Amino acid sequence: MTRLPIPEGGTHPDPGPEPLNIEDPVGRLPAEWQAALTALGERPFRAKQLFRWLHQRAEFDPEKMSDLSVPFRARLQEAGVGAPFRVETVHESKDGTRKLVLVAKDGARVESVIIPMTDLSDADAGASDDEDDEPLAAKSRVTLCISTQFGCAMGCVFCASGQAGLVRGLRASEIVSQVYLAKRYLRPDEQLSNLVYMGMGEPLHHYEQTARSVRLLTHPEGLGMSPRRITISTVGLIPGIERLGRDFAGKLGLAVSVHAPNDETRDKIIPMNKRYPIAELMRALRAYPLPKRRRITIEYTLIDGVNDAPSHARELSTILRGIPSKINLIPMNPITASELRAPKSEAVRQFQDILANAGYSCFVRTRRGDEVSAACGQLAMADDLVRKKREREELRAIAKKS
Ligand code: SAH
């Protein structure tokens with residue numbers, strides 16, 4: 001054993017335990033905890049214990065982690081281990097949809113929506129269309145819709161988040177804790193069945209934290225969710241779709257916001273289409289390593305006079321040919337930032353009939369959680385952000401004039 005030379009000048013005061021310097025601690029995977037804890041001289045199994053407290057029992061308060069030593073708990077507290085969000089309000093609508101408004105430490109507000117699955121079309125909205133997944137108990141199934149960003153940079157004209165612009169991406173800890181917090185608001189007879197990344201933000205524009213959140217949620221020492229019960233919804237960022245397919249071997253459900261069958265129409269409502277046009281997007285969907293019997297969800301928000309003609313439906317059936325898919329038609333939910341609106345129900349039915357007759361499974365997504373502003377693209381916070389953005393722009397205009 002080599003001995004370190006004893007420094008001259010007498011004894012030094014004990015510096016105390018080294019601080020645990022770890023970024024976004026609730027967003028760390030067990031292997032990362034192990035590396036960080038070993039460096040501090042903690043025993044490796046502590047990593048597993050800690051991960052279980054956070055991700056299996058959803059306990060964020062180190063004080064309550066009773067099998068950890070008191071000094072270790074103090075270190076965790078210093079390192080910022082704690083709940084990423086405070087639940088501000090829970091709005092419940094008549095159809096049982098619950099919207100949670102969560103506030104982050106910096107004041108960012110995020111919304112997650114608990115959606116009871118009541119009919120076929122809802123069941124189809126989730127990740128898993130095959131009933132041969134691991135069996136769930138005879139409880140009512142709920143889908144949870146979570147957000148990945150505060151605001152969104154994609155700028156889709158019919159979407160409140162898109163009109164708001166991006167404030168910031170959420171950390172992995174903030175993405176996963178939406179699931180843990182929402183579970184506290186399930187009724188005893190309910191079970192979380194599917195998870196959809198369809199709240200505020202574009203998950204593939206925030207790839208690292210999104211992928212990390214999936215790894216956390218599916219980790220066997222944590223919640224251990226099946227990746228097949230998780231669906232990532234994207235506006236169609238092709239490099240992200242490719243990466244997702246590679247990183248998760250096609251196991252994650254994929255939903256794509258197509259919303260128009262040709263570039264001329266799609267360019268008008270989805271700015272990103274100019275970068276990733278339809279033909280290339282369809283090529284990327286064909287290349288997605290989809291397991292057998294799984295399908296890609298095609299989302300199509302129907303907007304009156306924009307993308308709702310019978311010719312659009314026929315064109316859509318042509319471009320989707322050969323892609324294992326199921327189509328969700330969503331009559332546009334009104335948003336304050338836009339005059340655009342849903343077509344009349346007759347046009348919706350006609351659109352659906354054309355696709356169904358062409359052999360597609362095609363559902364009209366019923367509006368859920370309408371009176372609590374929890375429907376797609378309607379998240380109230382987004383409206384709030386749009387207002388703030390307008391105010392900022394007005395102030396800028398006034399400043400310019402003076
Ligand atoms: N950025 C991702 C996920 C978030 S939005 C994406 O684009 O897929 C989830 C779905 O709601 C998307 O299909 C989106 O286009 C749709 N949506 C947005 N605003 C809407 C509105 N006002 N009415 C109906 N659907 C809307």
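I will start with D24, which is buried at a relative accessible area of 7%, where buried means under 20%, exposed over 50% and partly exposed in between, with a 1.4 Å probe and protein chains only. Before going on, please note that this is a predicted model, in which local features need pLDDT of at least 70, side-chain atom pairs count only at pLDDT 80 or more, and totals for chains, interfaces and linings use all residues. Residues are numbered from 1 along each chain as its sequence is written, and side-chain values use heavy atoms, with hydrogens and water left out.

Back to D24: its phi is near 45 degrees, a positive value in a residue other than glycine. As background, most residues other than glycine have a negative phi. A249, also not a glycine, has a positive phi of about 50 degrees, and A249 counts as partly exposed at 46% relative accessibility.

Now, at what angle do helices α7 and α8 pack? Helix α7 (residues 207-218) and helix α8 (residues 238-247) pack at about 25 degrees, with their axes 12 Å apart, the helices being DSSP runs of H or I with at least four residues, numbered from the N terminus. That makes α7 roughly parallel to α8, a description used for angles under 35 degrees. On the α7 side the contact, meaning heavy atoms within 4.5 Å, is made by Y207, E208 and R215, and on the α8 side by G240, R243, L244 and D247.

Finally, for the chain as a whole, 53% of the 402 residues count as buried.

Definitions and conventions
Axes fitted to C-alpha atoms, helices over the stretch in contact; angles between N-to-C directions. Helix = DSSP H or I, 4+ residues; strand = E, 2+ residues; numbered from the N terminus. Parallel < 35°, antiparallel > 145°, perpendicular 65-115°, else oblique.
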